[in-house]
Amino acid sequence: MLYLNIIIAGLLTGAVYGLMALGLSVIFGVIRIVNFAHGEMMVVGMYAAYLIAVNTGLDPVAALPLVTAGLFLLGYALQRGLINRYIARPEHEQFLLLLAIATIITASLLMGFGPDARSVPLDYAYDSFQLGPLLLDKVRVLAAVGAVLGVVALWGFFRLTRTGKAIRACADNQVGAQVVGLDIKRLYAVTFGLGAACVGAAGCLMLLLIDVQPYIATDYTLLAFIIVILGGLGSMPGALLGGALVGVTEALSGFAVDPSLKSAFSFALLILVLLVRPQGLLGRA
Amino acid sequence: MRSRRFPIVQRRAAAALALFVAAMLALPFFVNGYIVSVLVVVLFAAYFGQAWNIVTGFAGQLSLGHALYVGLGAYISAALFTHYGVPPWIGMLAGVVIAALVGGIIAALSFRFRVGGVYFALLTIAFAEFTRILFDHFNWVGAASGLFLPVSSLARTDVLLLRGSPVMFYYLLLGLTLGALALCHDLLRRRIGYYWQAIREDEEAAQALGIDVFRYKVAAMALSAAMTSVGGAFLAFYENNLYPDTVFAVGRSIEIITAPIIGGLGTLFGPILGAVVLTTLGEAMTSLSSGFTVNGLKQWCYGAALLLIVALQPAGLWPWLRARLGLGAVRR
């Protein structure tokens, strides 16, 4: 029963991981750019939620819509102003560009907040629900519910709205989309904005679970990579499945083996999946 | 198009190279200890960049996990020295063999399963990070608390045991870097070099021409890994302390690849120029920002400089500078 509790906790954390990785997956699936500044953008979201909480006393969950909207604008502007010019360039130039953006984001956060870890005090931080024999942390449940809602909202956007359909058309066939008169540049900017919004929302929810510090960004960029590759780059359900897998793997190995070894297990899982099924568990061949 | 048709350009290039080598040989006599230590950092970056340039610049396979081979070279030579007293030059050979095997196996696994492009890059990060965490728990090499080399004999210079001053390391690394430059120059004019460039430009066309693409990509990775591990061994004996979290860090892998990209990916002199520019930039930022007590100012300027270079000279600084100096035609 203890193990079941740990697996559930891993799944709940994994839902937030999934939402974060979904942003990376959407950006790569449509624009074909690997966002090496992904973790950095999440940390921006975390600091935004932290600032709102400290100045207005608003809970990170309540601040989520505002932070998400802010990150959308940031992503939109970045794509419009900078990244759009590098879409057809070689991979290493794109890498260098995003590395520069990531470095500047982390450095700006360091200048603004310093290297210390910050957290938002929550009066329900140690509450939990009793569900039969299961014990669920309130923060984890809240974060997971928020993450699932975020994923559903994004899925609805892509299925139901005209812009969403246009973006999917771009992803399927860029030339065809241009032929029928879609404004690729605007759609790419919207896509990057959506990816940033995902990671901003995930940042607000992560603030319930961990402290924020500028240097954690790289770890989360790597984590997002692991997740999307496990699930399949560009696959929406794949990002969620990957998030759940990594969440459970981390929770189990952290408990049963050694917390400092937990990411080794995630990397081992990634290597295994890449070698057996390079397109990811749910990716198309 | 380089050799016979432009003898003047070639002669000028040779003269420029001779001038550069002479200046580098004389430099330690004119500068203080601080500058020598900065120059050692430059040479490390230049050498690692050259080694990485083989697999990514020549053969076109983006590796983002070269810290793995730095770490293997460093840890193998240092551990053999501290545990069994094996001289570093022998330990270095062991490191070369193991790094080449590991690099070859990673490449073979990836390319056999048709893992390429972004996926290959992320797989190389995964192997490097996995190894870093393993070494964090590997007690024989001191695990996370680090592996230390005895520093009692640092005062006298002993090239055979790699004990000595930064100036000794400066000349050793200069030799290594120039050796790598000569090797790369030679490789690019051999069959294997042309095969690599064909694979980089269009893998399917290369295959259609009958090039054993798989074999040459694996060979590029193994050679690059082996060369990187040699630099790792020097790093271990220069710094005298090794921690998995710094030796195998993702940050090191990224540092290794920024110099050649800034300098000009796939060019011979690009990694060296990139290393000079980036290290100078980093040191200038450090001394400039030491007057202010602002966290992150140095990294901010560094990021801004990267952004500026990728915006203005995305193909790298060396192709641009080479044209300015009249040392060759602008390619690409």
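Predicted model: local features only at pLDDT ≥ 70, side-chain atom pairs only at ≥ 80, totals over all residues.

Residues are numbered from 1 along each chain as its sequence is written, while chains are lettered from A and ligands numbered from 1 in the order in which they are written.

So, chain B. It has 14 helices and two strands; those are DSSP runs, H or I of at least four residues for helices and E of at least two for strands, numbered from the N terminus. Of its 332 residues, 46% count as buried, meaning 20 or more other C-beta atoms, placed from the backbone, lie within 10 Å of the residue's own.

Now helix 4 of chain B, residues 88–112. Its 25 residues reach 35 Å from first C-alpha to last, close to the 36 Å expected, that is, 1.5 Å times one less than the number of residues. Buried residues there include Gly91(B), Gly95(B) and Gly103(B). And what do the buried residues of this helix pack against? Helix 3 (67–84), helix 5 (117–136) and helix 9 (213–239) of chain B. Following helix 4 is Arg114(B), with a positive phi near 60°.

Last, the two chains together. The contact takes 33 residues from chain A and 36 residues from chain B, with contact meaning C-beta atoms, placed from the backbone, within 7 Å. On the chain A side, helix 4 of chain A gives the most, with 14 residues.

Conventions
Contact = placed C-beta atoms within 7 Å. Buried ≥ 20, exposed ≤ 12 C-beta atoms within 10 Å, placed from the backbone.
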